[in-house]
Amino acid sequence: TSIMLTSCVTTTTGGFMVDASEDQAAADYVQLALAYFDNNDMAGARRHANNALDIDDKVADAYQVLALISQREGDLDLADSNFRRAISIDRANSRARNNYAAMLFSQERYRESYAQLETVANDISYEGRALAFEGLGRSALRMGRQDDARSAFQRALQLDANLFIAA
């Protein structure tokens, strides 16, 4: 099965809404980059993320997509750098922090993962909060902090009773 993605992003010049139009174009490029990433087209994803950065080099989500691409391609130093760049631009970007924490955990960098997940878990507007608490518990377990792990797992289940937590 193949899926063909077509894209069109329009930027305008002149008029009264140039900044809004450019912001929307950058956001559209990020969405396209994610769609290409989800379809395993790393070249297309990278191109669209870079298009967003060409419009505005402070688009945190574009750096997050570049980090995900680098991670998938096995370039973990570049992924780390792009995740840190995304978070430095938008410290409230819980999705970037959560994805960064997952990469850190996979590299057995549990303390760093825990620190990122603490911030994510405390973001009451983040839709993946229950999973963040679960990740927090897993990181705590790997660091030998059983009480913290138990508390995090209990909080995860409190937020989503349907979670299956297998440490």
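Trainee: Over which residues does pLDDT stay under 50, and how many contacts beyond four places in sequence does the model have for them?
Mentor: That's residues 1-6, with five such contacts. pLDDT is the predictor's confidence in each residue, from 0 to 100, and contact means heavy atoms within 4.5 Å. Residues 10-16 are also below 50, and that stretch has eight contacts beyond near neighbours in sequence.

Trainee: And what does the chain average?
Mentor: A pLDDT of 90, with 87% of the residues at 70 or above. This is a predicted model, so local features need pLDDT of at least 70 and side-chain atom pairs count only at 80 or more, while totals for chains, interfaces and linings use all residues. Residues are numbered from 1 along each chain as its sequence is written, and side-chain values use heavy atoms, leaving out hydrogens and water.

Trainee: Switching to H5: which of its residues are buried?
Mentor: Ser 94, Ala 96, Arg 97, Asn 98, Tyr 100, Ala 101, Met 103 and Leu 104. Buried means under 20% relative accessible area, exposed over 50%, and partly exposed in between (1.4 Å probe, protein chains only).

Trainee: What covers them?
Mentor: The cover includes helix H3 (60-72), helix H4 (76-89), helix H6 (110-121) and helix H7 (129-142). Helices here are DSSP runs (H or I, at least four residues), numbered from the N terminus.

Trainee: What follows H5?
Mentor: Glu 108 does, and its phi is positive, near 60°. Glu 108 sits in the loop between H5 and H6 and is exposed, with a relative accessible area of 59%.

Trainee: Where's Asn 40, then?
Mentor: In the loop between helix H1 (18-38) and helix H2 (42-55). Asn 40 also has a positive phi, near 65°, in a residue other than glycine, and it is exposed at 55% relative accessible area.

Trainee: Last topic: which residues lie nearest the centre of the largest pocket?
Mentor: Asn 98, Ala 102, Leu 117, Leu 131 and Gly 135, out of 14 lining residues. On a 1 Å grid over the protein atoms alone, a pocket is an open set of points where a 1.4 Å probe fits, with protein on both sides within 12 Å along at least five of seven lines; lining residues have an atom within 4 Å of a point.

Trainee: Which helix gives the largest share of that lining?
Mentor: H7, with five residues. H5, H6 and H7 each supply at least two.
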